[in-house]
Amino acid sequence: MMKDKILESATEMFLTYGFKSVTMDDIAEKMSISKKTIYTHFSNKTKLVEETTFGMFECISTGIDMICSLNNNPIEELFQIKKFVLDNLKDEKSSPLFQLQKYYPKLHTNLTQKQFEVMKECVATNLNRGVEGGFFRKEIDIQFITRVYFKGMMGIKDVETFPSETFTMNYLLERYLEYHVRGIATEKGIQTLEKVQNQYN
């Protein structure tokens, strides 16, 4: 279906070059179709950005659900999710979230709300399983840490604070996960973290 093909090409180009840089002409040229064909399916670029953004969100949410359903130890689960997200977002070289915030603020607000709803549940489950399995300390405040984790995860994607010339997204996620786990882990959790880090490096 042409609409799906346009979404696929647009997603690929937006992730590689950024939402701002890619024009409707660029997408038409890459696909060897007319711009009119794109406008038949998407009334304007904002609509196309919206559909690609929420399409990516659904795809990643589904993948994360599948990883969580494997019931691996909660520390390994965090690193598996990190790898899956990076594989699907091309290491976020174009800083898609930051560009979305800058050029499409309304879309960014909607996406952030959806991400929080999904992540809140996923992270709380991970933390609870970590406490039950003796990986995380029993006294941690799960509601508080869930929110801090989400805010931190959004914060490291701010390219003004963490410029991509200095920090790759893989490096930031790696360091952030270590920071997160070490702050809440038991001795068993620390040992597991070090083992998992060796596996994923």
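Student: In what order do the elements of the chain run from the N terminus on?
Tutor: This is a predicted model. From the N terminus on, the order is α-α-α-α-α-α-α-α-α-α. The count is 10 helices and zero strands.

Student: What box do the C-alpha atoms fill along the principal axes?
Tutor: Roughly 60 × 35 × 30 Å.

Student: And what share of the 201 residues is buried?
Tutor: Buried residues account for 47% of them.

Student: Of the contacts between residues at least 6 apart in sequence, how many join residues at least 24 apart?
Tutor: 71% of those contacts do.

Student: OK, the core. How many residues are in the largest nonpolar core?
Tutor: It has 62 residues, and Ile27, Leu48 and Phe136 have the most contacts inside it. The helix that gives the most to this core is H7, residues 105–132, with nine residues. As background, nonpolar side chains in soluble globular proteins tend to be buried together.

Student: What is Ile27 in contact with, leaving aside neighbours within four places in sequence?
Tutor: With that exclusion, Ile27 contacts Ala10, Met13, Phe14, Val22, Ile38 and Leu48. Two of those names come back in the packing of H1 on H4: Ala10 on the H1 side and Leu48 on the H4 side.

Student: Then how do H1 and H4 pack, in terms of angle and axis distance?
Tutor: H1 covers residues 2–17 and H4 covers residues 45–69; they pack at an angle of about 85°, and their axes are 9 Å apart. H1 is therefore roughly perpendicular to H4, because angles of 65 to 115 degrees count as such.

Student: Which residues meet there?
Tutor: From H1, Lys3, Ile6, Leu7, Ala10, Thr11, Phe14 and Leu15. From H4, Lys45, Leu48, Val49, Glu51, Thr52 and Met56. The residues of this contact divide into eight nonpolar, two polar and three charged.

Student: Switching to charges. How many salt bridges does the count come to?
Tutor: The count comes to 11 salt bridges. One of them joins the side chains of Lys47 and Glu50, at 3.3 Å from N to O.

Student: How far apart are Lys47 and Glu50 in helix H4?
Tutor: They are three residues apart, so about one helical turn separates them.

Student: What relative accessible area does Lys47 have, and how does Glu50 count at its accessibility?
Tutor: Lys47 has 33% and is partly exposed. Glu50, at 27%, counts as partly exposed.

Student: What about Arg175, which residues does its salt-bridge network link?
Tutor: The network links Arg175, Glu178, Arg182 and Glu194. Within it, the side chains of Arg175 and Glu178 form a salt bridge at 3.2 Å, N to O. These two residues sit three apart in helix H9 (residues 169–184), so they are separated by about one helical turn. Arg175 counts as partly exposed at 35% relative accessibility.

Student: And the salt bridge of Glu139 and Arg137, what is its N to O distance?
Tutor: 2.9 Å. Glu139 is exposed, with a relative accessible area of 59%, whereas Arg137 is partly exposed at 30%.

Student: Now Gln197. Buried or exposed?
Tutor: At 9% relative accessibility, Gln197 counts as buried, because the cut-off for that is under 20%. Gln197 lies in helix H10, residues 187–200.

Student: What is Gln197 in contact with, apart from neighbours within four places in sequence?
Tutor: Phe79, Glu174, Arg175 and Glu178.

Student: Last topic, backbone. What is phi of Ser32?
Tutor: It is near 55°, a positive value in a residue other than glycine. Most residues other than glycine have a negative phi. Ser32 is in the loop between helix H2 (24–31) and helix H3 (35–41), and Ser32 is exposed at 67% relative accessible area.

Student: Where is Asn71 found, and what is its phi?
Tutor: Asn71 is in the loop between H4 and helix H5 (74–88). Its phi is positive, about 55°, although Asn71 is not a glycine. At 54% relative accessibility, Asn71 counts as exposed.

Technical notes:
Residues numbered from 1 in each chain as written. Predicted model: local features only at pLDDT ≥ 70, side-chain atom pairs only at ≥ 80, totals over all residues. Heavy atoms only, no water. Core = buried A, V, L, I, M, F, W, Y, C linked by side-chain atoms within 4.5 Å. Buried < 20%, exposed > 50% of the residue type's maximum accessible area, 1.4 Å probe, protein only. Helix = DSSP H or I, 4+ residues; strand = E, 2+ residues; numbered from the N terminus. Contact = heavy atoms within 4.5 Å. Axes fitted to C-alpha atoms, helices over the stretch in contact; angles between N-to-C directions. Parallel < 35°, antiparallel > 145°, perpendicular 65-115°, else oblique. Nonpolar A, V, L, I, M, F, W, Y, C, P; charged D, E, K, R; others polar. Salt bridge = Lys/Arg side-chain N within 4 Å of Asp/Glu carboxyl O.
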